[in-house]
Amino acid sequence: MTEVEQREGAEAVPRRSPLGKLLRFGFLAVALGFGAYAVIKQWDAVVAGFAELSWPALAGSLLAVVAALLGAMLTWRTLLADLGSPLPLRAGAKVFFVGQLGKYIPGALWPVLAQMEMGRELGVPRSRSAAAFFLMMPVQLATGLLVTVVTLGWDRYGWLLLFIPLLLVLLEPKVINTVIGYALRRLKREPLDRPLTRRGMLTAFAWALSGWACYGAHLYFIAPQGGPLFAIGAFALSWCLGIMTFVVPAGAGVRELAMVTALAPHLDSGAAIAVALSSRIVIVAGDLICAGLAGIAARRDSV
């Protein structure tokens, strides 16, 4: 890196302002409040669901969720690096996991807004953070639909294949780069310094697939009746349907309904509802743990 590039990079990182710090803490407080409310509102059902689980099953499920969330973070970090902003692991984990808490606030844009502002403090242009965030969703959706078809069977879910060609076309780097370039021109923003590459997209796909395997393990610990492959497909299906409902915080309700339907061949409705609610609370706990650990690790690096 030349001296000029180093100087420009240093100038691109703004100093933290008291207002920015206040807004960040306010964002976290609101996100945590909505997350707690979602748990308290369904407390009786959650308690009943957890009563059927053993502590080893809960611990295994939580560890699998943390691993799945790590896979999601690495998917996002790979896309961001391919766009030209590689972040150190701990700093990237803080931006991703803390920003992800925004999904518990009604409205679809809180996570990306949080990631844009936190990334900006690390020298990541807002447009690049937004591009990585919005690219991550179709990557996860395409891999999730593919996993659903492979694990749950062509006879029941083969119709999902109709969406995969469209998603794959949209995820072709040449198409993505054209769409991003057009959007930035319309918004009168500077174009991306580096276009996406096929290697970067394939790496992101690999991390996304590893995430689905871990999410399946999480569900298998809670409901082993259908086997590990069935658990992977059931969770992937419920997540894909949940993410399509952008208005609902974190797909609340939609994901549970889809999971109850997917579990129907192996569990009665009461047990399936308990499993779905237990899965939700374990994932909320995983989100909080990852955000907390990432924040602590990044803070230690800055000391």
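Mentor: A search of the whole structure finds one cavity of 30 Å³ or more. This is a predicted model, in which local features need pLDDT of at least 70 and side-chain atom pairs count only at pLDDT 80 or more, while totals for chains, interfaces and linings use all residues. Residues are numbered from 1 along each chain as its sequence is written, and side-chain values use heavy atoms, with hydrogens and water left out.

Rolling a probe the size of a water molecule over the atoms shows where empty space is left. A cavity is a set of points, on a 1 Å grid over the protein atoms alone, where a 1.4 Å probe fits but cannot get out, and lining residues have an atom within 4 Å of a point. The largest cavity has a volume of about 60 Å³, a volume being the space filled by probe spheres set on the points, which are joined across faces, edges and corners.

The residues that line the largest cavity are A68, G71, A72, T75, Q140, T143, W207, A208, G211, W212 and Y215. At least two residues of this lining come from each of α4, α7 and α11 (198-222), where helices are DSSP runs (H or I, at least four residues) numbered from the N terminus. Helix α11 gives the largest share of the lining, five residues.

T148 counts as buried because its relative accessibility is 0%, buried meaning under 20% relative accessible area with a 1.4 Å probe and protein chains only.

Conventions
Buried means under 20% relative accessible area, exposed over 50%, partly exposed in between (1.4 Å probe, protein chains only). On a 1 Å grid over the protein atoms alone, a cavity is a set of points where a 1.4 Å probe fits but cannot get out, and a pocket is an open set with protein on both sides within 12 Å along at least five of seven lines; lining residues have an atom within 4 Å of a point.
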